[in-house]
Amino acid sequence: MSRINYSETGLKVGLEIHVQLDTARKLFCKCPTLLSEAEAREVFTRYLRPAKSEVGEIDRAALLEWKKNKKYEYEAPVESSCLVEADEEPPHEIDEDALLVALALASSMNMRIIDEIHVMRKIVIDGSNVSGFQRTALIAVNGYIMDNEGKIGIQTLCLEEDAARKIDESEATVRYRIDRLGIPLVEVATAPDIHDPEQAVRVALKIGQLIRLTGRAKRGLGTIRQDLNISIKGGAKVEIKGVQHLYLISKVIEYEVLRQLKLLEIRVELVKRSVRPENISDNIIDVTDVFRDTGSKIVKKALSIPGGGVYAVVLRGFKGLLGIEIQPGRRFGSELADYARVWGGVGGIFHTDELPNYGITREEVQALYVKTGADPGIDAIVIVADVKQKAVEALKAVIERARIAVIGVPEETRAANPDGTTKYMRPRPGSARMYPETDIPPIYVTPELMEKASKLIPEPPEKKLEKYVREHGLSMELAKAVINDLRLDLYERLVEKYRGRIPATIIASTLVNIIPSLRRDGVPIENIDDYVIEDVLDAVANNEIAKEAIPDVLSSIARNPGKSIKDVIKELGLGVVSISELDELINEAVKKNMDKITAKREKAFQIVMSEVMKSVRGRIDGALVAEKVREKLKEILK
Amino acid sequence: MELYYGYSGNVARILRSIGVEPGDRIIVVLKDGTVFNGILMPRQVLYSGRPVLVLKLDNGYNIGLNIDEVSDLRLVSKKQVHHHGGVEAVGRAEGLPRIVLLGTGGTIASKVDYETGAVTPVLTPGEILEWVPELAEIAVFNAREVMSIFSEDIEPLHWENLSREVYKELVEGVDGVVIAHGTDMMSYSASALAFSIMNKPAPIVFVGSQRSSDRPSSDSAFNLRAAFIAASKGPFAESVIVMHGETSDTYALVHRGVKARKMHTSRRDAFQSINDKPIAKVYPETMEVRIVGRIIEHRGKNKKAQLKNKFDDRVALVKVYPGLQPEMLETLIDKGFHGIVLEGSGLGHMPNKLIPVIARAVENNIPVVMTSQCLFGRVNLYVYSTGRRLLEAGVIPGSDILPETAYVKLSWILGSVSRDLGEVRKVFLTNLAGEFNERHILDLYPRWNHE
């Protein structure tokens, strides 16, 4: 795929960055902000239905979800959830710590803080919130941060509760765990001021870093999530949800631009072929007969279920277009299939641009054209094999999507795939369905509150950088790496803790050099939790191991999670060498190399030194060994 | 000071002067140049004192702006009036039972105005059906509001009205009556209906919700479906409460009103039967009614209901506690109260120094009933000497009746039956609606998980 000239496409990107806060309690109850992996003893089931006035106006996807009568099962770990998450008790007052962090962040991004903050209920009916809504509050508006290429507007900063974790999903039931529900999240939304993928990554990094600089951001998988709003000239505003990794951002943008460009090309081709939305027929044809004796396993399986059949629609003038690749590995046909899955709940579709294939023969395809009266030279046919009701819903959605193709790119909400491509999720919600959370009083932002928040305003990165170089003695390169590291808060805490006992350079290099280099060597560094790093540095501070042993100890613990550091030190034979042991070892080395010493005199230093180091490396400071060896040689040669 | 849609002072003055009302679109310019465009919201009276204007932005968020920061405020457009075309109730389906839904002002059915956030009750069959279409499969129903009052404001007088309305419906021949009622005082009202209408031909079902119906997770639709099923096909003809059986949306319980109690402030399964099993479980999904307890009165089309609906509002319910002063009870006697229900300690005791006051009440023709604040178990005044002295003083032992039920029953006896002490004692000790359970088996007491 050729390189895209982004300024020509008129690309506009806005970011929404969500970061979990590491507060002592959840946003609206007193539960700790912990995830629990233990099996939950308490499980309950619920159904949701659109609230009274919603019926008829609610977005179609939500209504569809409700009509499917989905059952939601909730695992409720007792250590990290209570009646509030179970929607069995009204919310408590908002967590002040989380509020202060949000206010501090808003200040650091030059935002206008709202004078009186109102907590709202945002209707979410997929079960991820037990109550059927997410509590969220707008904290500040109209700020900006600086990027290399100029100001990036920060439109809004919200403080909201995180949703429950999805554990499992089947056709009738979705299972969630409610430990994550209620963990405070800050959501920072930028203006659509970003014009290329690299800039998007840079801005995301910068905002993420700013939040981490408060020292109150959670780290680890799932603690930061990015949504992207992307549009190009002539295209449409598309919202992409759930980009979990920073490195995916540029890819997602690239692929989305590509997709919109390809869809526009398809539109041009359709117009050229004189296809108009009203030419696309609503007619859904039962073509089960064609597949009575099919060899296709998928079709056979669909026909074996009671009421199973094969249904088709003809897309006049679409021949060849369904096979056009619009993102790597995804064709225009995949877009139609997404619609069929979401609206009809079917497994997928077949279309004539990809047939014969999947066990469907050339003869069957020919029969299909005959049966539907379609022209094999210019028309495409889409078929779905499933029970009638689902197949019909699916094909209706396919027709609708095909009609939009003649008009252009649809505005929609898409979900990011792990490879950076995206798939259709649902239509973009209309005006947000929000109403006041009447159980929580509005919060008047007093000068006292702002005073408390001002203590949490993160130091600007430039200031920190300077401090690290001047006060901590880091090289500029090391200081930069620390500032960009996820464990920035850990670094600061450990520097304080080991002040005067371990130099800051050792702590910094453990975090930004040693651990990444272990990862390159294939060490499972995800097993290196904060407390492991702290245990190892404790051992250094207590002279139980030398700083040179840090990589070996970390690597060994990572490979044997759960093993105590004491055992690892013992097994690796890394116990610190005492001075008398060292003297003993030097004596032995001298004795062994007496000939060479008498011959080479002072120049024999290297020989003795390396002999001794062989047995003490990583267990005692090398400088001390050298000093001792020199002393000894001087003594002998005197 | 007069409020303007909840606003006061400077804010009210400014809003009034330019004639903007909640729902109108306005532009607010702050002194720092920030511009907000949104819908003016009404103010909650509790916060009227703050110099704050509340706006709903187009992204749905509400924000409060300090009026002192505002440099300009302009009306953009007046509120759009939305006409909501409600669906009318479906015609009578063949063979379905006929039910009436009476509203009392509880919030089981309400809807939210998404612009102002105001919650308003709904009670037309059309609107209810639009919200819970499943009801159409259970019964044909009518709905009307018989009063509009918070559950906590209900007084004995209201029971008289409610009884009359229910009685009218029963005489009309409905197959069941469903009463939407706030949960706080629901068990009192359900007890009142148990006594005020005797020989019921059909069930009287109280139903409410612990989570308001303006949220997707509300328990009201589930409870309403269960109540409709109980009212239309339950074989019992008693005054019952139908609410969630557990925190999950699996089944509802049918509690005998005189034996039910709200045992939790907020959980959906707050209602529990005390000293008796619930009558039945109802599964809304399958529309199954499974009888799990006793039925005191059976349904019967030809039964003729009897209405005796006077309640005496001069009855006191007094909790016994360490340090209870004799004056508390003296005052009741001196102020001319007609009856006293005591919530005694343990087996039904109270401080010995108060016993002479009890004797004085009885001498003054004031019946005194003893119940237990333990709730579980039965009063027994023979075990300790204090109990025997209370009996000697003339206390009526309330067996295993709930204190609240005893209060309602005494109020009803004094209002509808007699104020003669001997007659009151005799009627009180008669099991009229299952308010006494003579057999307590081992599993009538809840056990908690301790580990």
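1. In strand β4 of chain B, B:Ile63 is the bridge partner of B:Leu55. Strand β3 (residues 52–57) of chain B and β4(B) run antiparallel and are joined by five bridges. Strands here are DSSP runs (E) of at least two residues, helices are DSSP runs (H or I) of at least four, and both are numbered from the N terminus. Two strands are said to pair if DSSP finds at least two bridges between them.

2. This is a predicted model, in which local features need pLDDT of at least 70, side-chain atom pairs count only at pLDDT 80 or more, and totals for chains, interfaces and linings use all residues. Residues are numbered from 1 along each chain as its sequence is written, and chains are lettered from A and ligands numbered from 1 in the order in which they are written.

3. Strand β5 (residues 116–117) of chain A pairs with β4(B) in the antiparallel sense, over two bridges. Which strands make up the open sheet, and in what order? The seven strands follow the order β23(A)-β5(A)-β4(B)-β3(B)-β2(B)-β1(B)-β5(B), with antiparallel pairing. The edge strands are β23 (443–444) of chain A and β5 (70–77) of chain B, each of which pairs on one side only.

4. The contact between the chains involves 36 residues of chain B and 39 residues of chain A, where contact means that the C-beta atoms, placed from the backbone, lie within 7 Å. On the chain B side, β4 (62–66), β7 (110–112) and α2 (125–131) each supply at least two residues. β4(B) gives the most to this side, with five residues. By class, the side of chain B that touches chain A has 11 nonpolar, 14 polar and 11 charged residues. Here Ala, Val, Leu, Ile, Met, Phe, Trp, Tyr, Cys and Pro count as nonpolar, Asp, Glu, Lys and Arg as charged, and the others, Gly among them, as polar.

5. On confidence, the model scores ipTM 0.91 and pTM 0.85. The mean pLDDT of chain B is 92, and 93% of its residues reach 70 or more; pLDDT is the predictor's confidence in each residue, from 0 to 100. Over residues 84–91 of chain B the pLDDT is below 50, and this stretch has 13 contacts in the model beyond near neighbours in sequence. Where pLDDT is low, the predicted coordinates should not be read in detail.

6. Chain B contains 11 helices and 23 strands, and its C-alpha trace spans about 80 × 60 × 50 Å along its principal axes. Of its 451 residues, 47% count as buried. A residue is buried if 20 or more other C-beta atoms lie within 10 Å of its own, exposed if 12 or fewer, and partly exposed in between, with C-beta atoms placed from the backbone. Among chain B contacts with a separation of 6 or more, 71% are between residues 24 or more positions apart.

7. Chain A has 21 helices and 23 strands. Its C-alpha trace spans about 110 × 65 × 55 Å along the principal axes, and 42% of its 638 residues count as buried.

8. The unreviewed UniProt entry for chain A places "domain: Asn/Gln amidotransferase" at residues 489–633. That stretch is 69% helix and 0% strand, and its end C-alpha atoms are 47 Å apart. For chain B, an unreviewed UniProt entry lists "domain: Asparaginase/glutaminase C-terminal" at residues 314–428. Those residues are 43% helix and 16% strand, with end C-alpha atoms 17 Å apart. UniProt positions are given in the numbering used here, feature names are shortened, and annotations may be inferred rather than shown by experiment.

9. In helix α13 (residues 488–497) of chain A, the residues A:Leu488, A:Tyr491 and A:Leu494 are buried. Viewed down the axis of α13(A), the buried residues fall within an arc of 125 degrees, so they line one face of the helix. The arc is that of the directions from the helix axis to the C-beta atoms. The cover over these buried residues includes α4 (197–213), α12 (476–483), α14 (504–520) and α15 (530–541) of chain A.

10. A:Met111 sits in the loop between α3 (96–108) and β4 (112–113) of chain A. Why does A:Met111 count as buried? Because A:Met111 has 22 C-beta neighbours inside 10 Å. Leaving aside neighbours within four places in sequence, its contacts include A:Ala106, A:Ala140, A:Ile154 and A:Leu157.

Conventions: Contact = placed C-beta atoms within 7 Å.
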